[in-house]
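Subject: Structure handover

Hello,

Here is the structure we talked about, together with its sequence. Please open it alongside this note. My findings follow below it.

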Amino acid sequence: MAQDSVQVGGGRWLYVILGLIVNIMLGAIYSFSLFRVPLEKLWHISATESGYPFMLFLAVFAVAMPIGGNLMQKWGPRNTMILGSILVGIGWILAGLSTGIGMLSLIYGVIGGFGVGLVYGCPIAVAAKWFPDKGGLAIGLTVGGFGLSALVMAPIIKTLIASVGPLNTFMYLGVVFLIINILLSLPFKFPPADFKVASASTPQAQATTAAKDYDRPEAMKQPTFWILWFLYIIGAMAGLMAIGIAAPVGKELKLSTGLAATALQVFALFNFAGRPTFGWLTDKLKPKNAAALSFIVIALATGLLYTSKSIGMYFVAFSLLWFTLGGWLAIAPTATKTFFGTKYYGKNYGVIFTAYGIAAILGMLLSGKIKDMTGSYYSVFPIVMIIAIVGIIVSLALRPPKS
């Protein structure tokens, strides 16, 4: 049996690779800023209005995650991913037919965002179930595609907009996403009920596996569930606030256009690296310690930024902030697996992930309000540092639920 289990587990890394590729395409939303100026010129709209599709997309994305978890429990990951992939493709294709920002917000933000919410949780749940021994690393690499997306998709989107315009870019990419994501969805499945790998019997692997599987209603009664959810909000909010102001702070430092573009590419690499790194650390150090470490890094980075307005410190500190944001997108799903098991994983992480949508909205509103009140984005950093210190303290309460 042990030999068969190891042999069965040998091909499980395929799901990680396919999940990473799927997430690269889903993560094209992070390159939406490239559409904003062309759309502002096309429809004569304000900078605020051009951001509506992005905000609505992220909000619907988060709302759709629990629904995707329910569907995954009933239909399995393959069918849920196919439905989500169809909606993603339709959302992008129909966005190309938009006649105004309101129509684009509804089509792209609602249909596309809902589709991404259905697909996103599936490769994560599959990785969690196929990797009882290395869940953090597998989940981190799977979601890493979202962080890597800006490096891959931004040059493609920029080139397409320059050659065919923003609306045709939506349409062309929608066709590509529709076809490729459906094809990549076909191999996804959960392991059989008796699936095991030899290394899963080691003490380290057992430490990363929940003592029992909690269904969503039971999990939501546990204080651990809501502590993790709250930590995810403030961890993601700190990172998203930093990401949202990286370019404006670069302008305050008078970075050249070329250096600013290089900075964003460097930050994207750190955002990707944070996911497998913190996924692995969550397995090795336990969720409590990995979470506390991420907040220590955030506090250190924001403190350095506020006290030293140099280009060198800008690169170092923002790299660390992007690194920890990527980290939370691995800490939270890995901790969900560790605390509540894999049987109902999709349903449980779907609710936990709503924290990310809340963080996105709060982070954008708070950073903008602070800038309006003080006249400088540098005033954001002490606030983020305070949030990180709160995170360090609350992390100490993050421990396995009592059965």
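H44 lies in the loop between α3 (33-43) and α4 (47-50). Helices here are DSSP runs of H or I with at least four residues, strands are E runs of at least two, and both are numbered from the N terminus. H44 is not a glycine, yet its phi is positive, about 55°. Its relative accessibility is 71%, so H44 counts as exposed. The cut-offs are these: buried is under 20% relative accessible area, exposed is over 50%, and partly exposed is in between, with a 1.4 Å probe and protein chains only.

Before the rest, the ground rules. This is a predicted model, in which local features need pLDDT of at least 70 and side-chain atom pairs count only at pLDDT 80 or more, while totals for chains, interfaces and linings use all residues. Residues are numbered from 1 along each chain as its sequence is written, and side-chain values use heavy atoms, with hydrogens and water left out.

K286 also has a positive phi without being a glycine, near 80°. Look for K286 in the loop between α13 (257-285) and α14 (287-307). K286 has a relative accessible area of 56%, so it is exposed.

Now a helix pair. Two packed helices are described by the angle between their axes and the distance between the axes. For α6 (residues 77-95) and α7 (residues 101-130), the angle is about 155° and the axes are 7 Å apart. Axes are lines fitted to C-alpha atoms, for helices over the stretch in contact, and angles run from 0 to 180 degrees between N-to-C directions. α6 and α7 are therefore roughly antiparallel. That label needs over 145 degrees; under 35 is roughly parallel, 65 to 115 roughly perpendicular, and the rest oblique. The crossing of α6 past α7 is left-handed. Left-handed means that the near helix is turned anticlockwise from the far one by less than a right angle; clockwise is right-handed. What lies in the contact of α6 with α7? There are 20 nonpolar residues, 6 polar ones and no charged ones. Nonpolar covers Ala, Val, Leu, Ile, Met, Phe, Trp, Tyr, Cys and Pro; charged covers Asp, Glu, Lys and Arg; the others, Gly among them, are polar.

Next, the aromatics. Rings of Phe, Tyr and Trp (its six-membered ring) pair if their centres lie within 6.5 Å; planes under 30 degrees apart are stacked, over 60 edge-to-face, and the rest tilted. By this rule there are 40 aromatic pairs. One of them joins Y15 and F188, a tilted pair at 5.8 Å centre to centre with 50° between the planes. Y15 is in helix α2 (residues 13-26), F188 is in the loop between α9 (166-185) and α10 (203-207), and 173 residues separate them. Y15 and F188 are both buried.

W92 and F170 make another pair, with ring centres 5.6 Å apart and planes at 55°, so this one is tilted. W92 is in α6 and F170 is in α9, so the pair ties together parts 78 residues apart in sequence. W92 is buried, because its relative accessibility is 3%. F170 is buried too, because its value is 0%.

There is also an aromatic cluster. F61, Y120, F146, Y232, F295, W328, Y345, Y349, F353 and Y356 form it.

Which residues of helix α16 are buried? They are Y345, G346, K347, N348, Y349, G350, V351 and I352. That is 8 of the 8 residues of α16 (residues 345-352), so the helix is largely enclosed by the rest of the structure.

Two lysines sit over rings. A charge counts if NZ of Lys or CZ of Arg is within 6 Å of the ring centre and within 35 degrees of the ring normal. The charged end of K129 is over the ring of F190, 4.8 Å from its centre. K212 lies over the face of Y214, 4.9 Å from the ring centre.

F195 is in the loop between α9 and α10. At a relative accessible area of 12%, F195 is buried.

Best wishes
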